[in-house]
Amino acid sequence: MIELSTVRRLTLASALVLGAANVVAASLQPSYDGVRRKYIWFGWDTQNLSAEQVLDNAAAFDASVYDGIPVNVVVKDPQTGKSLSVHAIFDNPEITDEMLAPHVPVLKEIVAHRGLRESFISSFYTPKKRVAWTDDEMWAKAARTMAALARAAKAAGVRGLFMDQEEYHPPKQFEWQVGDPTFADCARLARQRGREVFAQAFRDYPEMAVFSCYGMLSADATFDYFGSPDPFDATRQKRDLWPHFFNGMLDAAPFSARLIDGTEMAYEYEQGREEYAKSAACVKVRGRSVVAPENRAKYGAVTQASFGFFMDGYVKTNKTARYWYDALNGSRLGHFDHNLWGATHWSDEYVWLYAASQRMTGIHWRNKNGNFNGWTTPNDRLPGYDQVALANKDPLAWFTLRVGELKAQGKLVNLCTKPMDEILAPNKDRPDMRFGIIEFPEAKAGDWYGFRFRARGEVQSIVRWGETGLRARPLGASILPVCTPMGEPDAEGWRAAVGVVRIPNDVQRPVLVLKTFAENGQTSSISEFAFYRLLSHQDR
């Protein structure tokens with residue numbers, strides 16, 4: 001058994017050889033960069049439950065694949081006694097430190113749980129009634145509320161604030177309207193308001209992350225501006241004030257902050273079209289075109305690409321509905337796995353999953369009496385969801401669990417039947433190197449394989465593919481790199497290694513290439529090699 005706590009992640013970036021078309025995308029791919037990916041559940045259920053109800057169900061989150069949720073803090077208005085959800089910062093009276101104080105201990109307990117450690121406080125939903133850009137007092141009230149929420153988040157150890165600036169109520173807040181000052185004046189005001197609303201919040205919590213599920217610069221038509229010779233004039237033509245407000249947020253944000261672009265448009269993305277990679281490039285590179293020149297360095301430092309999933313699309317039965325995902329690689333779960341791989345590996349840190357209907361919730365919520373609410377989870381509706389979600393989020397942790405599961409079922413089969421001495425052969429051009437090739441037997445798109453071995457000395461493992469299996473393109477942008485972390489050597493110099501590989505949809509004859517190198521007169525060795533097929537959607 002390999003203790004995951006004792007292994008360290010090693011990057012295979014030096015082994016990447018990519019075509020020119022993939023150079024931009026590859027430079028952005030952060031997979032295995034030491035940043036653990038996190039999955040955030042954000043369903044309609046989380047918007048209707050209080051922090052106290054979340055805490056009552058924390059054990060269920062600890063047993064889930066999730067790392068956090070947006071927490072809806074519900075406070076009491078001291079004047080009226082009414083309950084107020086703090087995310088309605090424009091529609092509510094001002095939310096103060098005193099109103100939030102009773103909830104800080106609850107929030108501390110929430111984020112102490114593994115499955116809720118990356119939670120955010122819900123904040124900044126667009127107003128039901130549009131706020132005039134010239135209304136100094138209303139914007140000042142919003143700024144004071146945001147600062148109080150930031151202080152509560154910092155005091156509780158919460159990662160930051162969650163916002164949704166999607167326009168649900170006409171007239172739209174971030175669209176220029178007849179009766180407003182001129183667009184140029186409104187754009188200046190929008191930037192001023194963005195700076196004002198977030199300035200004190202960032203001063204009070206400089207390391208705060210602000211997560212916009214709708215998207216910072218991926219939202220709506222913003223991508224349309226990227227090819228414009230004058231992007232700011234393009235915002236005028238579309239009457240779009242959001243990029244100007246966002247520049248005000250950037251004015252206020254320190255380099256220690258994080259602005260997470262949730263890319264809600266990713267609901268319709270397909271990994272097969274490489275849309276996650278393209279979107280990440282747009283957010284990280286082309287997004288700078290609508291950022292003021294003085295903010296571009298900061299934008300590159302603080303902005304993260306993230307992607308949303310609309311889980312209804314993988315379980316609903318109406319094929320004519322929007323966000324419909326049909327079977328791929330043998331099942332609709334296979335389609336989800338295919339897209340989740342792309343989203344996970346092209347995100348900087350977070351992927352979020354959402355359900356709006358289908359009576360589907362992140363966990364089986366229970367009330368204080370322990371009664372189950374009767375709603376279904378994604379794993380109920382899409383059996384295997386939990387399995388593939390963990391495989392994508394943390395392949396090494398999943399490997400250990402999956403191998404144990406298959407072993408208990410009597411289904412764990414070592415596909416490598418030859419001894420390593422018969423696999424590794426001398427290289428005539430490199431007398432210091434031995435190498436061998438192991439084929440993936442009957443590999444199908446979407447299959448997951450894993451291997452483990454003990455190594456002494458310098459050892460390399462790499463995946464190649466092609467008509468012969470040895471074309472000169474190791475590890476394309478569409479294949480999961482072999483992850484071979486090594487534990488600390490024992491007294492005899494042996495280290496434990498684990499690798500996990502997911503077969504993408506566009507390769508032929510993948511093979512695993514193993515190499516050992518002799519250094520300073522010392523030979524390298526591989527022993528106890530085992531190679532497993534861990535999961536196949538074609539078998540479902």
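This is a predicted model: local features need pLDDT of at least 70, side-chain atom pairs count only at pLDDT 80 or more; totals for chains, interfaces and linings use all residues.
**Figure 1. Overview of the protein chain.** The chain holds 16 helices and 18 strands. It has 540 residues, and 57% of them count as buried. Take the contacts in the chain with a separation of 6 or more: residues 24 or more positions apart account for 77% of them.

**Figure 2. Helix α5 crosses helix α6.** Helix α5 covers residues 104–111 and helix α6 covers residues 136–156. Their axes come within 8 Å and cross at roughly 50 degrees. The crossing is right-handed. On the α5 side, V104, L107, K108 and V111 make the contact. By class, the contact residues divide into 6 nonpolar, no polar and 1 charged.

**Figure 3. An open sheet of 6 strands.** The strand order is β2-β5-β6-β7-β8-β9, and the pairing is parallel. β2 (70–71) and β9 (303–305) stand at the edges. Each has a single partner strand, so one side of each is left without a neighbour in the sheet. β2 pairs with β5 (residues 120–125) in the parallel sense, over 2 bridges. Within this pair, V71 has I121 of β5 as its bridge partner.

Figure 4. Helix α10 (residues 275–284) lies across β8 and β9. Its run is at about 170 degrees to β9.

**Figure 5. An open sheet of 3 strands.** Here the order is β1-β11-β10, with parallel pairing. β1 (38–41) and β10 (307–310) stand at the edges. Each has a single partner strand, so one side of each is left without a neighbour in the sheet. On average, neighbouring strands of this sheet are turned by 25 degrees against each other, direction ignored. β1 and β11 (residues 350–354) pair in the parallel sense over 4 bridges. K38 stands opposite Y350 in β11. Helix α12 (residues 332–346) packs on this sheet and touches β1, β10 and β11. The direction of α12 makes about 160 degrees with that of β10.

Figure 6. Most residues other than glycine have a negative phi, and most peptide bonds are trans. P170 and P171 are joined by a cis peptide bond, with omega about -5 degrees. P171 lies in the loop between β6 and α7 (183–204). R239 has a positive phi, near 60 degrees. R239 sits in the loop between α8 (231–237) and α9. T263 also has a positive phi, near 50 degrees. T263 belongs to the loop between β8 and α10. T263 counts as buried, because its relative accessibility is 0%.

Methods: Residues are numbered from 1 along each chain as its sequence is written. Side-chain values use heavy atoms; hydrogens and water are left out. Two strands pair if DSSP finds at least two bridges between them. Contact means heavy atoms within 4.5 Å. Axes are lines fitted to C-alpha atoms, for helices over the stretch in contact, and angles run from 0 to 180 degrees between N-to-C directions. A crossing is left-handed if the near helix is turned anticlockwise from the far one by less than a right angle, and right-handed if clockwise. Ala, Val, Leu, Ile, Met, Phe, Trp, Tyr, Cys and Pro count as nonpolar, Asp, Glu, Lys and Arg as charged, and the others, Gly among them, as polar. Buried means under 20% relative accessible area, exposed over 50%, partly exposed in between (1.4 Å probe, protein chains only).
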